[in-house]
Amino acid sequence: MKSPEQIVTELAAAEEIPITLGVEEELFLVDPGTRDLLTDPDEGIFEACERICGPHRVVREFLRCQIETNTRVCGSVAELRRALRETRRIAVDAAELHGAAAMAASTHPFSSWRAQEISPGERYERFALTFQEGVRRFVIGGMHIHAGFGDADARIRVMTALRRYLPLLHALSTSSPFNGGHDTGFKSYRLSLVGGLPRTGLPGALRSLADYDRLVEEYRRNDFIADSSELWWDIRPSRAYPTVELRICDVCTRIEDAVCIAALYACLIRRLVRLDRAGALPPEPLTEMIAEDRWIAQRYGVFSFFGATGGEGGRVDIDDYVAGLIDELADDARALGCESELLRARSIVRDGTGADRQLDLYRLRRLEGDGEADALDRVVDLVLAETRDGIAERPAPAGTEPNTP
């Protein structure tokens, strides 16, 4: 009897498996002088974005200090890089035109949640009334990656199989080590704040669209939700698009890290689609074990040792895990034209994420005599610089142009 690995190998790497991609980023709007969040930013920022967004979309978020960018639908990782650079440039340029700065991180290092104001809109007002303190403390931003592929049932099966990889995808993205002016001890404190709301975290193992529809209908029957967009899981079927939406990730301070995570997500999907077509999807780990890995990723980021992915050998170091996964996904990366982007995952593990760079700078400034407030100001400056640096035009790395049929 052939193993799943043999079956996947025999399913030609060149097999046609179209995957479309798009990214949403929730950015902060910052006062460049005080480095604090702008509680009531100039309306002209949003008006300028609307004028120049082209095929992309830029909208308000729950808090007035936030702005959400949405790339157009992309047919390759190389195309996604260009689109993500464009959407960040739209937000950065519009903010700077009106005396603000756009910041790509999932928490602000020192701003107070008490000072923030909710964006206008009935939906946001309803959330504030329903969730009270849980949502008032929600000064966070996330990166959501949409992937379109297959039919609705296949997307549900692959989404369930993707759950085991969520901790790794999150660990590579961490950018929220500070909250309210202090080091939280977590590489991603954002997930702690997300957990204050219901219907967050890991979804259960679903096998078909019918399973999902029954669950949504049960929520609606009990008047817990208005529609499926109020299921805020780490990964979910999109209500608006025929995609699976990865929601666990922090906003990456560097665009290339975001592109790497999107490439890894696409490669995992392609491999799982091949397994699904062969009826060879691997057995599901215990949800409880994935949840433990999720917490480990949140706490330690690229210093994680994961358990649910370690098989009989027990826990595995993230560096070894990434190296093995890159080997497993080599054919898929080649077919998707994103080999160099996938390889970047090893660099993120070895060099650190946005969270690591923030913490390193903060500790260095404190050692060199800065007070806490000054050190946190320098952290904001770092994140603003990394956010802006990513919008500069650069040649794409070798091997990243989209494949042609």
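Author: In this predicted model, helices and strands are DSSP runs, numbered from the N terminus.

Reader: In which loop does Arg35 lie, and what is its phi?

Author: Arg35 belongs to the loop that runs between β1 (20–30) and α2 (43–52). Arg35 is not a glycine, yet its phi is positive. The value is near 65°.

Reader: Does Arg35 count as buried or exposed?

Author: Buried means under 20% relative accessible area. The relative accessibility of Arg35 is 18%, so Arg35 counts as buried.

Reader: Where is Asp223 found, and is this residue buried or exposed?

Author: Asp223 sits in the loop between α9 and β9 (232–233). Its phi is positive, about 60°, although Asp223 is not a glycine. Most residues other than glycine have a negative phi. Exposed means over 50% relative accessible area, and because Asp223 has 67% relative accessibility, it counts as exposed.

Reader: How are α6 and α9 oriented to each other?

Author: Helix α6 (residues 152–162) packs with helix α9 (residues 209–221), their axes 8 Å apart. The angle between them is about 80°. Angles of 65 to 115 degrees count as roughly perpendicular. Therefore α6 and α9 are roughly perpendicular.

Reader: Which residues of α9 meet α6, and how many residues in the contact are charged?

Author: From α6, Ala152, Asp153 and Ile156 take part. They meet Leu209, Ala210 and Tyr212 in α9. By class, the contact has 5 nonpolar residues and no polar ones, and the number of charged residues is 1.

Note on methods:
Residues are numbered from 1 along each chain as its sequence is written. This is a predicted model: local features need pLDDT of at least 70, side-chain atom pairs count only at pLDDT 80 or more; totals for chains, interfaces and linings use all residues. Side-chain values use heavy atoms; hydrogens and water are left out. Axes are lines fitted to C-alpha atoms, for helices over the stretch in contact, and angles run from 0 to 180 degrees between N-to-C directions. Helices (H or I, at least four residues) and strands (E, at least two) are DSSP runs, numbered from the N terminus. Angles under 35 degrees count as roughly parallel, over 145 as roughly antiparallel, 65 to 115 as roughly perpendicular and the rest as oblique. Contact means heavy atoms within 4.5 Å. Ala, Val, Leu, Ile, Met, Phe, Trp, Tyr, Cys and Pro count as nonpolar, Asp, Glu, Lys and Arg as charged, and the others, Gly among them, as polar. Buried means under 20% relative accessible area, exposed over 50%, partly exposed in between (1.4 Å probe, protein chains only).
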